[in-house]
Amino acid sequence: MKLRRIRIEQLRQFRRPLEIRDLGPGINLFIGPNESGKSTVVRAIRAAFFERHKSGTVDDLQPWGDSSAAPAIQLDFDWQGEHWALNKSFLKRKRCDLNIDGQVLSGDDAEEKLGELLGYQVPQRGASKAEHWGIPGLLWIDQGTGQDIEDPVSHAGGYLKSALGESLGEVASSAGDELIAQLVNERSALLTATGRATGDYADTQRRYIECEAQLAALDQDIALYRRQVDRLGELQQLRIADATRPWEGLYRQAKQAEERLTEVQGWEQAQQREEQERRQCADNQQLCQDQLASFTRQQDELAQRARDVQKADADLNDLQARRRPIESLLAQAQAAYQTAEQVLRLARRHEQRGTLDRELGRLDQELSEIEARLQQSQVLQAQLLEQRGQLQANRVDAASLKQLQAAGQALHKLDIAQQAVATRLQFELLPEQSILLGNDVLSGQGQRLLLEPVDLNISGIGTLRIQPGGEDIADLGRRRQAAQDRLEAMFGELQVTGLGEAEERAEQRRVLQDDIKRVEFQLESLAPKGLDELGSRQVLAAGRKDTLQAQLAELPKPDETAVDIATAESRLDAARSDLKRAEQAATALERDLGLAAQAQRSTHTEWQRLQGTVQSEDRLQQEKKLGAQLAELRAREAALQESLAGRHKQIEAANPDILRQDIQRFTRSAEALKQEAEQRTLELTGLQGRLDALGANGLEEQHAELAQEFEAIGRRRNEMQQRAAALDLLLELLNAKRRELTLRIQEPLQAHLDHYLRLLFPQARLTVDADLLPDQLVRGSNGGEAYDDFALLSYGAREQMGLISRLAYADLLKDAGRPTLIILDDALVHTDQQRLTPMKRILFDAAQRHQILLFSCHPENWKDLGVVPVEMSALAVGG
């Protein structure tokens, strides 16, 4: 099959007709940037073949925003020596015409004919989908779908298998297929596709399982019935023993233990009372001992107070002896400090005089500078005022000059235009001859430009009236006069007589502006804050000078014997340090004397107070009473300890904890025996009723009947199970034989795959499965072979294998005498440059047998493809 011509009209971005002629038999390369129409051409080809002309779901074919358009496509191609012409339009003009060398088909017949030729299905309703596209859906690759091959092969599988040769056709339509179909039908009556039982077989299985469960349930009921009969006998025997009421004896034992525990608890309470009394006795003994110990501490403290009184008297006498020398040193330090202060004051006054002399000299210099700057600034200020007055008088600035120049140029252009359209009168008169042109006498030779009607008077002949021609002369005259008036008005406004004077005045204004800026800069540098501020500074400086001169008059005359400030300050610091040490010594002495006197008074007071307390009569009586009370308390504590020890042995022998446990044990045992007896009575009553009910149901008879039914169902189930297994085995053998035939028939496809793959990966092969899908890529690796599943290959590798597989399918179809057309819309976009080179060899080789339409937005990738590219922007537009 060879596509010759494509014509598109009113389809997506191509509102006007787009026609592609003279398509070649091999590779036809179309290049252009994104949205240049490449994918639109591919969509048009797909719509021409796949979409029903009557479909109402192809609105995407219409140009954007034009709902009234009727997309139309024309395709011309050759097949087996016949010329086929397809005209198809959609939506507003639904029509399909197919001309096959003069044989004309229309509508559905034409679409069915195309589907039979290329191997695809025409949808009965709605838009065409991938499952309808068959062989073209496999060989035509859309953008970004090159790596997806499973679905296209699946949709084209029937057409591919029929192209594998007559042998496969026999396998597909032989009695073996009918047998397999029959076996599959019979198996489907027994098993689902996943091997689960269905139909009567499933019902039999279900009934078999139900009977088995029912038998198991009856077996459990019978076993339960027998266990309950045994339990009934046991309960009847136990009920006889319960009649003696054995729990009452346990209740009596619990009562006896409780009475004994009450007696022991009375002993424990008496023990607690005596133990509390013993602790009180011990506490009172400790109080007496503490009081006696405090009396002893007071005797020791009285002796210490006597020693403190002696020490305080000695310290006070020592401090009083040190007072006179310290007071003498303090008076000497105060006199030296006053002398140093007077020397420093005098040195500072001399230093102040030197400072004022220096400041007065600096102030004289500053005042001179201010007066000079003020004088210069006043001169510049007068000059600046004069220049600004001159600038104000000169009104010709750059903008005004530019407007004058523009008006002059406009007038000049109008003069040129008038000369171009005016009537030109050239004359050459004989000597001594003249004519009268209006009021001008013309003689000799020359020319005049006539812009308005004028009379030409020739003496002795008459008058000629010359009317200048052209429709624009009057308008040009009016426009020139208006331009002349505008220019003269501007001259008057700027007070100049012409453009030359205006240019001279503008230059004068520019020079004057520069001079003003220079003077302003000089004035700014002399008086940044203005003349008033400079004058104020002069007044302030003069006032400051008067003040300094007055201060100098009050200071003493210079004295060469006076010391400098540093020496005077050093002497004052030394005197201040000596005075401070003397003052600190005097202050410390007074503080120590005060503290010593206070300590002396305090120690005498404390000694006298403590002596009165220790030697009082009450104190002696209290010590005697505490001794007697302590002896009495010790005797009572000994008696209590003896009583507590005897009673403790008596309580331990009774063991009250065990008595409490006996009470709990006997009580709980009695209650348990009583509760068990009550529960056995209830269980006996309920068990008797259940046994009566089970005996009435005839469990043994039910079991016998159900066992007979279970045996019959088991035989039926086994028969069906054996039949299903036999069908599975038979189908497996037939399918294995068919796979063996299919593998032999796949050899042509494998040969084509190996042919292309060797150009990309030498010594590699791509296997296909029973559904003719790429299965594994086998390559050499470390002396062996590496097997990579097709689905696990990289994106780019699957894209390359997908294209190679499609080319092999195309070769297979061509060998079978079927038409092929390969369309690649931006294929191999994920292929790197290293693999792109062998892939171009593969495409060029395939182009020797097939027509290929290759669309790409990367022209640089296809420069060495061996074909001349067609730019989408350069395609001819036909009517």
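These legends accompany close-up views of a predicted model. Local features need pLDDT of at least 70 and side-chain atom pairs count only at pLDDT 80 or more, while totals for chains, interfaces and linings use all residues. Residues are numbered from 1 along each chain as its sequence is written, and side-chain values use heavy atoms, with hydrogens and water left out.

**View 1. An open sheet of six strands.** The strand order is β2-β1-β4-β5-β6-β7, and the pairing is antiparallel. Strands (E, at least two residues) and helices (H or I, at least four residues) are DSSP runs, numbered from the N terminus. Two strands pair if DSSP finds at least two bridges between them. β2 (18-20) and β7 (103-106) are the edge strands, each pairing on one side only. On average, neighbouring strands of this sheet are turned by 10° against each other, direction ignored. Axes are lines fitted to C-alpha atoms, for helices over the stretch in contact; angles run from 0 to 180 degrees between N-to-C directions.

**View 2. Helix α1 on the sheet.** Helix α1 spans residues 38-50 and packs on the sheet. It touches β1 (2-9), β2, β4 (72-79) and β5. Contact means heavy atoms within 4.5 Å. The direction of α1 makes about 75° with that of β4.

**View 3. Strands β5 and β6 with their loop.** β5 (residues 82-89) and β6 (residues 95-100) pair in the antiparallel sense over six bridges. N87 has D97 in β6 as its bridge partner. L91 sits in the loop between β5 and β6. Its phi is near 60°, a positive value in a residue other than glycine. L91 counts as buried because its relative accessibility is 14%. The classes are buried, under 20% relative accessible area; exposed, over 50%; and partly exposed, in between (1.4 Å probe, protein chains only).

**View 4. The loop at Q763.** Q763 lies in the loop between α18 (747-760) and β15 (765-768). Its phi is near 70°, a positive value in a residue other than glycine. At 76% relative accessibility, Q763 counts as exposed.

**View 5. Nonpolar cores.** A nonpolar core is a set of buried Ala, Val, Leu, Ile, Met, Phe, Trp, Tyr and Cys residues joined through side-chain atoms within 4.5 Å. The largest has 94 residues. V41, F49, M801, I804, L824 and L843 have the most contacts inside it. Helix α19 (residues 795-815) gives the largest share, 10 residues. Not counting residues up to four places away in sequence, F49 touches M1, L75, F77, K88, L114, L118, Y120 and W140. A second, separate core has 20 residues, including I326, A333, A347 and L589.
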